[in-house]
Amino acid sequence: MPMDAQKALAQINQMEYDKYFNARTPKSIRHYGIAFCRKLCRVLAE
């Protein structure tokens, strides 16, 4: 499950989902990678 959360963070960086917000806001943006499996959850942040 940690690898799935890591993949989610990699996807955020690869697809540049924050590009729109970086151009419009001077504040920093946090990225969260979240993976679920039944009642378990793993969250990673950058």
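I began with the exposure of E16, which at 43% relative accessibility counts as partly exposed (buried is under 20% relative accessible area, exposed over 50%, and partly exposed in between, with a 1.4 Å probe and protein chains only). Before going further I noted that this is a predicted model, in which local features need pLDDT of at least 70 and side-chain atom pairs count only at pLDDT 80 or more, while totals for chains, interfaces and linings use all residues. I also noted that residues are numbered from 1 along each chain as its sequence is written, and that side-chain values use heavy atoms, with hydrogens and water left out.

I then placed E16 in the loop between α1 and α2 (19-24), where helices (H or I, at least four residues) and strands (E, at least two) are DSSP runs numbered from the N terminus. I looked up its backbone and found a positive phi of about 55°, although E16 is not a glycine. The side chain of E16 meets that of K19 in a salt bridge at 3.8 Å, N to O (a side-chain nitrogen of Lys or Arg within 4 Å of a carboxyl oxygen of Asp or Glu), and the structure holds one salt bridge.

**Helix α1**

I checked the length of α1 (residues 2-15), whose 14 residues reach 20 Å from the first C-alpha to the last, close to the 20 Å expected at 1.5 Å a residue (the expected span is 1.5 Å times one less than the number of residues). Which residues of α1 are buried? I listed A5, A8, L9 and I12. Seen down the axis of α1, these buried residues fall within an arc of 95°, so they line one face of the helix; the arc is that of the directions from the helix axis to the C-beta atoms. I set beside this the rule that an α-helix has 3.6 residues a turn, so residues three or four places apart point the same way.

I next asked what the buried residues of α1 pack against, and found β1 (32-37) and β2 (40-45). On the face of α1 turned away from its buried side I noted the exposed residues M3, K7 and Q14.

**The strands and their surface**

I looked for nonpolar surface and found a patch of about 430 Å² made by Y32, I34, F36 and V43; such patches take residues with over 30% relative accessible area and no salt bridge, joining nonpolar side chains (Val, Leu, Ile, Met, Phe, Trp, Tyr) within 5 Å and like charges within 9 Å. Strand β1 gives the most to this patch, with three residues, whereas V43 lies in strand β2 and counts as partly exposed at 45% relative accessibility.

In the loop between β1 and β2 I located R38, which has a positive phi of about 55° although it is not a glycine. At 84% relative accessibility, R38 counts as exposed.

**The whole chain**

Buried residues make up 17% of the 46 residues in the chain. The chain exposes about 4200 Å², of which carbon and sulfur atoms supply 56% (Shrake-Rupley method with a 1.4 Å probe; for residues, only the protein chains shown count as cover).

How values were computed. Contact = heavy atoms within 4.5 Å.
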